[in-house]
Amino acid sequence: MLVPPSEWPDIQDDLDPDSLAEAAQTTAAYLNGLPQKSLAVADRSVGPQLLLEGARALARIRREAKTPEELAARLKEEFDLFRIRGSTGGPGAFFSAYYQPVLKASPGKSGAFPYPIYRKPPDLIEADLGAFKEKWKGESIVGRLQDLGGRPLPDGDPKRHSLAEGLGHTSSGYPSVGRFVPYFDRGDIDVRKALEGRGLEIAWLADQFDRLDLHIQGSGLLEFPDGTLRLARFAATNALPYRSVGLALAGSGAVKREDLDRERLVGYLHEHPEGESWLLSQNPRYTFFELVEVPPGGEPFGKTGRPLVAGRSIAVDPAFSPLGAAAFIRLPLVQTDASGALLGKARTSRLVFCQDTGGAIQGPGRVDLYVGHGAQAKSLATRVWDAGELYLLIKKLPPRQR
């Protein structure tokens, strides 16, 4: 919804201009590589060039403005403001935060490191539904082929090399060589060992919850015994829905929802190891990774293919907020010291960029704020679960020339 200038919120920015300039630069690099196509913002269509000009203008204005009043005035001169409301029609958005964990890891399995993380399996297939019906253009599903007896087709089976063949049907209506089914879920992989023995392990972790945390965050820094640091970067998921294991625990009655936090959840799992596998399996979504060199600055890459900027990058649903768009957020945000100790919580206003997506970030008002890596980021990320406001800042269209 377009916000009239007289109804703009109080625009302020609580972080330094340099971090915004860095986020604008990575955003510009992404937008420069996009084809010239229309992107939807409310009832308006905008092109990547307009978002690119907006990113540069926002960084310039933030750097030059001497006061919050000047910042707000100059933004009103050059930008239109669109409020993005939640899918329930409520007045605001809803915020969580994510971070990049730093985890001890081993290149091989041992008693201290028994939990594997996997590369993308070769039998995980993403099917483009638009190839089957025009109305499904842009949609896809993820699954695998199994033979008619319910067994997975081996990696080397020639029947797997053609999805069209795998999805072919006989006159009886049954698959001719196999059936396309959803990919293995967390219970299949971690409890029933569906991927064991296939050589897909890329590293081993010390704790099941660390592994789940890595899956939820989407990437992480792995520290190996020889001091080597590698980035476990997102490669794929099984595309099954994300479900919170914390809410599952609260639903069981073991912990009150209002008392639930990361420390309480981890403590419960360590006190009740017999239920750990069951509880973690309540989140069927599974993430696969690749090991790569750590990028400069140590931050992961977002959906834009560029490094995220702590405090300045948000994950959104691109069906409602296009990647590369500048945004303004307001929410009650916690503050911690360098060790992660809680200092307090205060209403925060900030300029950011839409640079990432997430499996749990669905709908127009759902926002995930990236807060970096390390103890401070971990502590902050686990304490953000709040209602707030999301606005998109879109550069005004120039006067028509034709």
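The crossing of helix 1 and helix 2 is left-handed, meaning that the near helix is turned anticlockwise from the far one by less than a right angle, whereas clockwise would be right-handed. Before I go on, please keep in mind that this is a predicted model, where local features need pLDDT of at least 70, side-chain atom pairs count only at pLDDT 80 or more, and totals for chains, interfaces and linings use all residues. Residues are numbered from 1 along each chain as its sequence is written, and side-chain values use heavy atoms, with hydrogens and water left out.

Back to our two helices. Helix 1 covers residues 17–32 and helix 2 covers residues 48–64; they pack at an angle of about 165°, and their axes are 9 Å apart. That angle makes helix 1 roughly antiparallel to helix 2, a label used for angles over 145 degrees. The axes are lines fitted to C-alpha atoms over the stretch in contact, and angles run from 0 to 180 degrees between N-to-C directions. Helices here are DSSP runs of H or I with at least four residues, strands are E runs of at least two, and both are numbered from the N terminus.

So who touches whom? From helix 1, the contact includes L20, A24 and L31, and from helix 2 it includes L51, A55 and R62; contact means heavy atoms within 4.5 Å. By class, this contact has 12 nonpolar, 2 polar and 3 charged residues. For those classes, Ala, Val, Leu, Ile, Met, Phe, Trp, Tyr, Cys and Pro are nonpolar, Asp, Glu, Lys and Arg are charged, and the others, Gly among them, are polar.

Now for the strands. Strand 19, residues 385–395, is mostly covered, with 9 of its 11 residues buried, that is, under 20% relative accessible area with a 1.4 Å probe, protein chains only. Two strands pair if DSSP finds at least two bridges between them. Strand 4 runs antiparallel to strand 19 with 6 bridges, and F79 sits opposite K395. Strand 5 is also antiparallel to strand 19, through 4 bridges, with S96 partnering W385. Strand 16 joins strand 19 in the antiparallel sense over 5 bridges; there, F328 has Y391 as its bridge partner.

Last stop, strand 12. Strand 6 pairs with strand 12 in the parallel sense over 3 bridges, and K104 faces E223. On to strand 13: strand 12 pairs with it in the antiparallel sense over 4 bridges, with L222 opposite R230. These two strands form a hairpin with 5 residues between them, and G227 in the turn has a positive phi of about 90°.

Terms used. Buried < 20%, exposed > 50% of the residue type's maximum accessible area, 1.4 Å probe, protein only. Parallel < 35°, antiparallel > 145°, perpendicular 65-115°, else oblique.
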